[in-house]
Amino acid sequence: MWEESTSSEETWSDADGGNEQGEWPVTGIVGEELTQAQSPRYEVRWDQWHRKDGTNTTWQPDMEDRRDLLSKWKRKQRYKRNIAAARDPSIKIMWDPAHDPTVHNRATDLKAQARREKLDNVEPELTSLNWDAECDRSLRCDEDPVPRLRTRRTDSAAVEGSSRSRHSPASPAVRSGNKDSKPSSSPSVRSKPLSQTASSASLRSLSKTPDRPTRASSSSSPSSSRNTRKDNFALSSRLLPPHALLEKKWRQATRNVSAASITIVNEIDDEEVPPHMEEFMYTEQKYIVGKELEFIFTLDEDLFLRCECYSSCQDATKCHCQTNSELNDTMGKNIFAYSRGLFTFRVPRGVEVIECNKASQFFCHCDANCANRVAQRPRDIAIEIFKTKHCGWGARAVEDLPKGKVMGMFTGQLVRREHIENLPDSHANYIFDLDGTEAKGEANPGDKYSVDAFECGNWTRFVNHSCEPNMKVYSVVFDTVSSMNAPYVAFVAMKYIPAQTELTIDYDPYAGEEAVSVGKSKAAPNAKPCWCGAERCRGWVKV
Ligand SMILES: C[S@@+](CC[C@H](N)C(=O)[O-])C[C@H]1O[C@@H](n2cnc3c(N)ncnc32)[C@H](O)[C@@H]1O
């Protein structure tokens with residue numbers, strides 16, 4: 001098999017991972033580039049091996065013995081080019097007529113043209129794409145249904161000159177694709193601010209800079225809509241105590257998507273509801289998406305992979321939705337991420353779970369109970385938002401949870417990563433970077449997104465950090481395609497969790513691994529003292 005360049009920075013997560021010949025399972029090819037000699041080399045993701053910094057890819061000059069992976073990779077690239085053409089007519093399409101005359105065909109031209117026409121016609125207003133927001137709108141028809149981004153002018157000099165720094169995402173941010181240098185054993189520091197990270201995406205925060213009004217594009221009258229909402233809240237709160245009012249609003253929102261209840265409990269002090277709830281809009285299952293990003297979830301039907309499985313998908317090798325999935329067994333064959341409705345933890349880092357898309361005659365043929373639709377199902381476990389002793393408000397389930405139970409997805413307003421800088425500091429602790437599959441130094445990384453759960457979101461925004469967490473997160477894609485870079489982030493129980501136990505994730509799981517393997521852990525920049533109370537607490541939490 002291929003030679004591995006090992007170094008002291010590298011580690012094996014599972015000593016029994018290789019076979020007798022010393023071969024290690026591979027999940028697929030994830031990158032390609034030309035060497036100086038103009039010959040291609042491929043970035044390969046390993047299944048049961050990773051470095052201490054979490055990266056698990058290496059570059060291989062020769063893929064002759066894995067032509068199956070190579071042809072899958074080529075197919076995926078062709079598919080991506082078509083998607084790119086459809087969403088942005090100005091994009092330069094890389095194609096080689098000698099090898100692939102079908103890429104830049106008339107259909108692509110027509111799609112690009114249609115896209116251009118669509119863009120010309122868009123209205124500047126933000127709208128909601130999702131059902132939760134629609135429900136909220138119908139409840140409060142006299143106000144703007146969608147929270148608008150609060151913005152402030154980026155003081156570029158201040159931002160560039162500041163010492164704010166951001167840690168790399170928890171899933172590999174440094175890939176071995178960095179040709180000339182080996183990745184460092186600890187997560188690298190990014191030049192922009194951030195905070196907590198979690199396994200396939202990262203919660204982040206901003207450091208202090210003054211609030212100032214402005215990005216014109218984001219939008220006409222943000223403050224008026226918020227004020228109306230605040231006024232309504234104040235008016236209604238004369239009739240109902242704040243916590244009953246909030247529970248009522250959330251009950252309506254969760255019922256509308258058939259999700260279990262959310263209740264608010266405080267046995268610690270007399271704070272009735274968590275802070276900033278006057279303006280908060282509960283959205284259980286979907287992101288709030290502005291007009292500008294609508295294209296992510298409104299792709300042309302023919303860009304979706306759709307399966308023809310009857311009723312429920314049983315065999316991932318036959319489910320068409322899995323064509324571009326990197327979730328494979330050791331033989332390189334597609335597998336599903338779930339078994340009997342539970343997550344199986346067979347998903348390597350940096351690999352997204354691809355669930356089936358909308359069930360309809362135009363999309364997938366399987367139905368809503370398909371075994372490959374788990375994260376997208378309505379939550380069936382009731383949750384309590386409760387006041388913790390030391391970490392503000394937290395979340396817990398009212399019943400026992402089995403290992404692998406998928407609890408829900410992080411929701412909020414989907415924003416372009418570069419716009420995060422414009423958000424007020426108060427949003428900082430509620431932002432998740434969708435960076436689970438990002439690679440540092442990637443040639444064409446495409447657009448990057450984050451999710452801001454300050455003004456809208458669901459119970460997952462209350463999940464606190466623990467150095468010994470009982471949940472983890474993974475990236476899951478449905479109703480859009482992976483190459484849009486906007487997966488959902490799902491929360492799953494890592495072990496059996498008794499009812500009423502606080503649900504936690506590790507905001508910086510790589511730091512956790514490093515601490516375990518080397519017996520110490522350096523505090524991240526912007527770290528706060530950690531109050532998780534775990535036996536092996538690192539002493540700080542990344543914010
Ligand atoms: C995503 S919010 C979690 C919900 C938050 N507790 C609340 O009341 O809204 C993240 C923030 O919670 C606090 N937090 C979470 N876990 C913590 C921990 N282990 N130790 C100290 N503070 C923590 C920090 O202020 C952090 O910035």
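How many residues does helix α6 have, and what distance does α6 reach from its first C-alpha to its last?

Figure 1. Helix α6 is formed by residues 242-256, 15 residues in number. From the first C-alpha to the last, α6 reaches 21 Å, close to the 21 Å expected at 1.5 Å a residue.

**Figure 2. The buried residues of α6.** Leu 246, Lys 249, Trp 250, Ala 253 and Thr 254 are buried in this helix. These residues lie on the same side of α6 because they cover an arc of only 130 degrees around the axis. An α-helix has 3.6 residues a turn, so residues three or four places apart point the same way.

**Figure 3. The residue Ser 258, which follows α6.** The phi of Ser 258 is positive, with a value near 60 degrees.

**Figure 4. The shell around the ligand.** The ligand is surrounded by 18 residues, the closest being Gly 392, Trp 393, Asn 429, Asn 464 and His 465. Two strands, β15 (393-397) and β21 (464-465), each contribute at least two residues to this shell. Classified by side chain, the shell comprises 11 nonpolar, 5 polar and 2 charged residues.

**Figure 5. The protein as the setting for the close-up views.** The predicted model contains 7 helices and 26 strands. Of the 543 residues in the protein, 43% are buried. Among contacts with a separation of 6 or more, 72% involve residues 24 or more positions apart.

Definitions and conventions
Residues numbered from 1 in each chain as written. Predicted model: local features only at pLDDT ≥ 70, side-chain atom pairs only at ≥ 80, totals over all residues. Helix = DSSP H or I, 4+ residues; strand = E, 2+ residues; numbered from the N terminus. Buried ≥ 20, exposed ≤ 12 C-beta atoms within 10 Å, placed from the backbone. Contact = placed C-beta atoms within 7 Å. Near = placed C-beta within 6 Å. Nonpolar A, V, L, I, M, F, W, Y, C, P; charged D, E, K, R; others polar. Expected span 1.5 Å × (residues − 1). Arc of directions from axis to C-beta.
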